[in-house]
Amino acid sequence: MAAAISSFSLLRNFANTKTAFSNGSKIFVLPMKSRRSLFCTNAVNDEEASARAAAASAESGAPTIFDKIIAKEIPSSIVYEDEKVLAFRDVNPQAPVHVLVIPKFRDGLTQLGKAEARHGEILGELMYAAKIVAEKEGIVDGFRVVINSGASACQSVYHLHLHVLGGRQMKWPPG
């Protein structure tokens with residue numbers, strides 16, 4: 001095998017398309033488990049890269065995708081809405097029920113780690129809205145609320161948001 005090509009890069013390059021490949025003298029067959037773990041590793045790395053990129057422009061003040069959803073510039077599947085909060089289905093669900101709950105006005109609340117005393121009321125409104133969403137979705141007897149805060153937690157949109165997850169057995173500890 002050429003020194004410039006590592007066995008891992010060969011595995012990664014061929015995992016999507018082939019179950020067998022040759023380095024010129026040997027034939028390698030990738031077991032399904034190995035191919036799955038490569039996909040998971042790539043997905044995690046992509047999520048981490050997205051989070052780092054989002055963090056770089058987090059404090060720019062530019063409208064987020066959530067601001068555009070609030071303004072109805074981008075369509076969403078709304079589950080709950082009142083004057084302060086909007087809840088809509090996640091486009092990349094991680095559970096049978098995956099709803100995002102956001103404040104309609106950011107007011108500097110880009111992540112939980114930036115919360116100030118003045119944000120106490122809206123934080124309570126968000127938690128209460130999560131409970132209403134759980135009731136509406138029929139998961140009030142078992143659901144999880146997740147807040148990713150910062151790049152190390154893979155926050156990818158810098159507009160505070162809660163993930164309401166349910167409809168399946170949750171595992172512990174989480175990711």
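In this predicted model, the side chains of His159 and Thr64 make a polar contact at 3.4 Å. His159 sits in the loop that runs between β6 (143–146) and β7 (162–166). With a relative accessible area of 0%, His159 is buried, since buried means under 20%.

Leaving aside residues up to four places away in sequence, His159 touches Thr64, Phe66, Asp67, Ile70, Ile102, Pro103, Arg106, Leu109 and Thr110. Two of these neighbours, Asp67 and Arg106, also form a salt bridge with each other, their closest N and O atoms lying 2.8 Å apart. Arg106 belongs to the loop between β5 (97–103) and α4 (120–137), whereas Asp67 belongs to helix α3 (residues 65–70), so this pair ties together parts that are 39 residues apart in sequence. Arg106 has a relative accessibility of 16% and therefore counts as buried.

**Salt bridges**

Side chains of opposite charge can pair when their charged atoms come close. The count for this protein comes to 9 salt bridges. Three of them are set out below.

| Pair | Closest N to O distance |
|---|---|
| Arg106 and Asp67 | 2.8 Å |
| Arg118 and Glu116 | 2.8 Å |

In the pair of Arg118 and Glu116, Arg118 is partly exposed at a relative accessible area of 49%, and Glu116 is partly exposed at 45%.

Glu135 and Lys131 both lie in helix α4, where they are 4 residues apart, about one turn of the helix. Glu135 is partly exposed, with a relative accessibility of 41%. Lys131 counts as partly exposed too, at 31%.

Salt bridges also link Lys72, Glu81 and Lys104 in a network.

**The protein as a whole**

How many helices and strands does the protein have? There are 4 helices and 7 strands. Along the sequence they follow the pattern α-β-β-α-α-β-β-β-α-β-β.

The protein has 175 residues, and 34% of them count as buried. His159 and Arg106 are among the buried residues. The accessible surface of the protein comes to about 10600 Å², with 55% of that area belonging to carbon and sulfur atoms.

Among contacts between residues at least 6 apart in sequence, 54% join residues at least 24 apart.

How values were computed:
Residues are numbered from 1 along each chain as its sequence is written. This is a predicted model: local features need pLDDT of at least 70, side-chain atom pairs count only at pLDDT 80 or more; totals for chains, interfaces and linings use all residues. Side-chain values use heavy atoms; hydrogens and water are left out. Helices (H or I, at least four residues) and strands (E, at least two) are DSSP runs, numbered from the N terminus. Buried means under 20% relative accessible area, exposed over 50%, partly exposed in between (1.4 Å probe, protein chains only). A polar contact is a pair of N or O atoms within 3.5 Å; within protein, one must be able to donate a hydrogen and the other to accept it, and residues adjacent in sequence count only if both atoms are side-chain atoms. Contact means heavy atoms within 4.5 Å. Accessible areas come from the Shrake-Rupley method with a 1.4 Å probe; for residues, only the protein chains shown count as cover. A salt bridge is a side-chain nitrogen of Lys or Arg within 4 Å of a carboxyl oxygen of Asp or Glu.
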